[in-house]
Amino acid sequence: MERSLTMELVRVTEAAAIASARWMGYGKKDEADGAATEAMRAVFDTIPMRGTVVIGEGEMDEAPMLYIGEKLGMDTGPELDVAVDPLEGTNIVAKGLWNAISVVAVADRGCLLHAPDMYMDKLAVGPKAVGQVDIDAPVEDNLKAVARATGKDVEDLVAVVLDRPRHARLIEEIRKAGARIKLIPDGDVAAAIHTGFPDTGVDILFGSGGAPEGVLAAVALKCLGGEIQGRLLPQTKEEMERCLKMGIKDPGKVLRMEDLVKGDDAIFAATGVTDGELLRGVRYQGSIATTHSVVMRAKTGTVRFMDGTHRLEKKPNLVL
Ligand code: VTB
């Protein structure tokens, strides 16, 4: 993969963030998502790559743009798998809450898991706790392992969990073990990434969220040297069949880093849409928009934060 692709991918997430952040607080999640998707799609057309969407806005008949199987790029350059979430946290933007981001990840063709759109149980930790946790172990054991690995007490740890009724027992177990909890309304990709940055104060992510989001988080954690383990949770016969159709023979199997993102290279970029622990949201003033992004590469482990100032009158269609 070309190193210059990192910069190109930031342009993609910046455009999506600028387009969708305009909808902050308007209570219109579909409009916010549509704006992000359209802006992201337009920038992809300017990038010298031969991309295929493996994680996107839905199947071809469900999504007008960035659907699974769609070809992206200028039809020249490297053949890549592309995973996108133009707006991770549509409800967050609709309400003007924290940690909505625009996300893209790429890897060599065939390297990203074609995760079906269903729930995945997840466990994510940062670099210090890699190899120390096990999605099948009791919650308390995993918390003790993270405490040991990070030199903290279990009482010091912060676990992030999506605030959902299905997590009632998990939340009870974390509380019983003594760790602190951050319950989030949405946005488990951002939360998983936070485990890789000690300054965010987040130590571990537990619980089930979208499987496609799990692959995006895996690319980020691969770049950061962290870890995510997952298990698909097909709930119906149709979901079971969808797993098989996507080449996943044993849906109950624990998915590790190498199952989620194969090979030693991948690139991940995200731009803040609303403010969060890691990224600032988009600010507008007249025709100027400012953005805050992170871009990282697995092969080299380089992590870059980028501030962008965009003169929107010079950028028709947000092609930055
Ligand atoms: C999570 C969350 C996402 O989907 O993956 C969630 O992180 C899972 O679905 O931001 P439920 O809302 O049914 O729990 C999102 O909310 C949207 O993709």
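This is a predicted model: local features need pLDDT of at least 70, side-chain atom pairs count only at pLDDT 80 or more; totals for chains, interfaces and linings use all residues.
Contact here means heavy atoms within 4.5 Å. On the H4 side, the residues involved are Val139, Glu140 and Leu143, and they meet Leu170, Glu173, Ile174 and Ala177 of H5. By residue class, this H4–H5 contact splits into five nonpolar and two charged residues, with no polar ones.

As for geometry, H4 covers residues 139-150 and H5 covers residues 168-177, and their axes sit 9 Å apart at an angle of about 50°. Angles under 35 degrees would count as roughly parallel, and 65 to 115 as roughly perpendicular, so H4 and H5 end up oblique to each other. The crossing of H4 past H5 is right-handed.

The other helix pair is H1 (residues 5-21) with H2 (residues 29-44), whose axes come within 7 Å and cross at roughly 150°. Because anything over 145 degrees counts as roughly antiparallel, H1 is roughly antiparallel to H2. This crossing, too, is listed as right-handed for H1 and H2. H1 brings Leu9, Arg11, Val12, Thr13, Ala15, Ala16, Ala19 and Ser20 to the contact, while H2 supplies Ala32, Ala35, Ala36, Ala39, Met40, Val43 and Phe44. Sorted by class, the residues of the H1–H2 contact come out as twelve nonpolar, two polar and one charged.

Now for the ligand. Around it are Glu88, Tyr119, Leu162, Arg164, Arg166, Asp186, Gly187, Asp188, Gly209, Gly210 and Glu213. For Tyr119, a polar side-chain atom lies 2.4 Å from an oxygen atom of the ligand. Arg164 also uses its side chain, with an N or O atom 2.7 Å from a ligand oxygen atom. With Gly187 it is the backbone that takes part: one of its polar atoms is 2.9 Å from an oxygen atom of the ligand.

Key: Residues are numbered from 1 along each chain as its sequence is written. Side-chain values use heavy atoms; hydrogens and water are left out. Axes are lines fitted to C-alpha atoms, for helices over the stretch in contact, and angles run from 0 to 180 degrees between N-to-C directions. Helices (H or I, at least four residues) and strands (E, at least two) are DSSP runs, numbered from the N terminus. A crossing is left-handed if the near helix is turned anticlockwise from the far one by less than a right angle, and right-handed if clockwise. Ala, Val, Leu, Ile, Met, Phe, Trp, Tyr, Cys and Pro count as nonpolar, Asp, Glu, Lys and Arg as charged, and the others, Gly among them, as polar. A residue is near a molecule or strand if one of its heavy atoms lies within 4 Å of it. A polar contact is a pair of N or O atoms within 3.5 Å; within protein, one must be able to donate a hydrogen and the other to accept it, and residues adjacent in sequence count only if both atoms are side-chain atoms.
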